[in-house]
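Please look over the chain below and its fold.

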Amino acid sequence: MAGLIFIVVYRCIDRTDTVTTIPMELQHASATVMPTRLTRRQLSMVGASVLGVSAIAAPSLARPRYGAGPGREASRAFPPKFLWGTATAAYQIEGAVSEDGRGLSIWDTFTHTPGKIRNDDNGDVANDHYHRYRDDVSSMKALGATAYRFSISWPRIFPQGTGAPNPKGLDFYDRLLDHLLANGIAPFPTLYHWDLPQALQDRGGWEIRDTSEAFADYAGYVAEKLSDRARHFFTLNECAAFVELGHATGIFAPGLKLPPARLNQVRHHALLAHGLAVQAIRARSRAGTQTGPAENVSVCVPIIETPEHIAAAELATRELNAPYLTAIMEGRYRESFLVAAGADAPKVAAEDMQTISTPVDFVGVNVYLPGSYVSASDAAPGFVSVPFPAKYPTMNSSWLKIAPEALYWGPRNVAKVWNASDIYITENGCSATDVPAADGRVYDTDRIMFLRSYLTQLQRATSEGVPVRGYFHWSLMDNFEWADGFGTRFGLLYVDYATQQRTPKLSASFYREVAARNRLV
Ligand code: BGP
């Protein structure tokens with residue numbers, strides 16, 4: 001993270017001696033209800049019941065001990081009214097980039113710059129969702145989804161970023177909303193999923209304050225028009241991603257590598273855009289409309305679940321999210337961030353921090369992996385980040401480290417540290433090596449493994465009362481995955497880009513069962 005130096009010192013875990021260990025023999029004693037002596041026949045019955053094969057008359061063992069049952073079902077349930085949704089973003093699926101008066105976005109420019117995107121892919125057509133949205137809503141319905149998170153393309157609504165709105169742009173989202181509601185699916189629009197109007201980039205993009213104000217105007221306009229049907233609006237998707245990857249490393253649009261002072265100003269303007277938008281949405285939408293961010297919070301996972309490491313993870317949550325969610329939730333930049341930035345710290349106008357921390361109705365968190373495993377430390381700042389081993393397992397994307405507990409600690413820390421009353425998992429999912437088999441189906445057992453493992457941790461959170469209200473799977477269907485182009489597949493539906501045919505993967509069947517039963521399967 002250029003320009004942002006957190007001093008993170010790895011220290012060996014020297015506190016494991018405080019972990020309460022239960023002697024092996026007692027663990028077994030407390031966990032088992034088995035008769036002390038079993039015949040070979042009885043033992044084989046245990047195996048049969050584990051496999052779900054009905055036991056043939058084994059009086060004391062016929063009742064399944066490990067299989068299904070009302071108790072087990074309840075213990076795997078999500079709260080009543082929990083929302084099961086899928087997520088997408090405009091540039092990644094819509095296509096139709098020159099239709100109905102849409103203006104250019106920075107992603108149009110970036111993808112048409114040779115060498116920026118794998119295979120030089122672009123979103124000109126993408127999933128052609130602009131024309132196929134009805135079919136895509138039918139796919140959601142077939143999944144049993146009750147909510148849909150999608151993004152609104154700013155350059156469709158305001159082709160130049162500001163000025164006169166383009167009615168045809170809004171019409172598309174009008175039709176989409178109507179169709180979603182007709183199918184019993186609640187719309188959860190995101191106002192910015194990275195497709196800044198190119199006209200605004202030409203005037204300075206996120207480096208200038210005007211862009212934050214333009215965003216608020218656009219957000220207020222959309223909320224005024226759509227809040228009769230959409231009751232929840234996400235402001236910005238993943239400040240931390242579009243700021244850092246677009247303005248520090250340059251691997252995302254607009255492809256900049258800014259020096260620290262300018263980068264910090266971009267960070268600040270993104271936060272300001274969020275805060276101004278919350279105010280504009282409140283001012284212009286129907287009563288009861290809810291709004292909040294969708295941030296890829298840096299999830300801090302305690303290295304061992306003991307009180308000291310848990311407390312360290314809470315502290316680390318505030319520190320490692322200092323330029324983003326911490327500032328939004330606390331209304332100030334943390335001292336460590338300002339000290340590290342020094343003379344390059346963002347220029348903050350009077351009342352900016354109040355605006356940035358305008359109370360939100362909910363916090364959306366995108367959770368894929370831990371930002372860090374955290375260990376307690378006696379030395380300042382009270383925690384250390386434990387590095388990932390070189391061969392740490394990943395999914396198909398090399399960045400996607402498999403750590404199901406991130407989906408417990410992510411929302412749990414947000415609830416605990418900032419007292420958030422409502423949380424949505426706005427994204428979670430994985431890439432996999434999806435290839436249709438000879439029968440045309442995609443057997444993505446790896447994605448099911450990922451989902452079952454992560455959702456088990458989410459269920460753990462909700463069962464403890466962490467106020468997670470819904471889960472949006474990334475993604476409904478394979479799509480244009482930014483710098484990775486179409487080569488990386490995250491969907492529950494497989495997309496054949498030559499024909500635009502969508503085929504539900506095996507994971508879609510898994511997801512449908514989870515949503516229908518509102519519990520893990
Ligand atoms: C999130 C984005 C999504 C999606 C996902 C997968 O950060 O909000 O839009 O793209 O990551 O990541 P990637 O496409 O980089 O593999």
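The points below run from the whole chain to single residues.

This is a predicted model: local features need pLDDT of at least 70, side-chain atom pairs count only at pLDDT 80 or more, and totals for chains, interfaces and linings use all residues. Residues are numbered from 1 along each chain as its sequence is written, and side-chain values use heavy atoms, with hydrogens and water left out.

**Whole chain**

- The chain holds 19 helices and 13 strands. Helices (H or I, at least four residues) and strands (E, at least two) are DSSP runs, numbered from the N terminus.
- Of the 521 residues in the chain, 56% are buried. Buried means under 20% relative accessible area, exposed over 50%, and partly exposed in between (1.4 Å probe, protein chains only).
- Take the contacts between residues at least 6 apart in sequence: 76% of them join residues at least 24 apart. Contact means heavy atoms within 4.5 Å.

**Helix 10 and helix 12**

- Helix 10 covers residues 209-226 and helix 12 covers residues 260-284. Their axes come within 8 Å and cross at roughly 30 degrees. Axes are lines fitted to C-alpha atoms, for helices over the stretch in contact, and angles run from 0 to 180 degrees between N-to-C directions.
- Helix 10 and helix 12 are therefore roughly parallel to each other. Angles under 35 degrees count as roughly parallel, over 145 as roughly antiparallel, 65 to 115 as roughly perpendicular and the rest as oblique.
- The crossing of the two helices is right-handed. That label applies if the near helix is turned clockwise from the far one by less than a right angle, and left-handed if anticlockwise.
- On the helix 10 side, the residues that meet helix 12 include Phe215, Ala216, Ala219, Gly220 and Ala223. Among their partners in helix 12 are Leu272, Ala273, Leu276, Ala277 and Ala280.

**Val222 in helix 10**

- Val222 is found in helix 10. Val222 is buried, at 0% relative accessibility.
- Leaving aside neighbours within four places in sequence, Val222 is in contact with Ile152, Ile157, Leu191, Ser227 and Phe233.
- Val222 and Phe233 are 11 residues apart along the chain, and their C-alpha atoms are separated by 9.7 Å.

**Helix 13**

- Helix 13 runs over residues 307-320, 14 residues in total. From first C-alpha to last it reaches 20 Å, close to the 20 Å expected at 1.5 Å a residue. The expected span is 1.5 Å times one less than the number of residues.
- Its buried residues are His309, Ile310, Ala312, Ala313, Glu314, Ala316, Thr317, Glu319 and Leu320.
- These buried residues pack against strand 6 (299-302), helix 14 (325-330), helix 15 (335-341), strand 8 (370-376), strand 9 (383-386) and helix 17 (406-418).
- Ala313 lies in helix 13 and has a relative accessible area of 0%. Not counting residues up to four places away in sequence, Ala313 touches Cys300, Val301, Pro302, Val374 and Asn413.
- Ala313 and Val417 are 104 residues apart in sequence, yet 10.0 Å apart in space, C-alpha to C-alpha.

**Salt bridges**

- The structure holds 29 salt bridges. A salt bridge is a side-chain nitrogen of Lys or Arg within 4 Å of a carboxyl oxygen of Asp or Glu.
- Glu314 and Lys416 meet in one of them (3.1 Å, N to O). Glu314 lies in helix 13 and Lys416 in helix 17, so the pair ties together parts that are 102 residues apart in sequence. Glu314 is buried at 14% relative accessibility. Lys416 is partly exposed at 49%.
- Asp228 pairs with Arg229, the closest N and O atoms being 3.1 Å apart. Asp228 is partly exposed at 38%, and Arg229 is buried at 16%.
- Arg334 pairs with Glu330, the closest N and O atoms being 4.0 Å apart. Arg334 is buried at 12%, and Glu330 is partly exposed at 22%.
- A network of salt bridges links Asp434, Asp444, Arg447, Asp478, Arg489 and Lys505.

**A buried loop residue**

- Ser153 is found in the loop between strand 2 (147-151) and helix 7 (154-157). Ser153 is buried, with a relative accessible area of 1%.
- Leaving aside neighbours within four places in sequence, Ser153 is in contact with Ala90, Glu94, Arg102, Tyr173, Asp195 and Tyr218.
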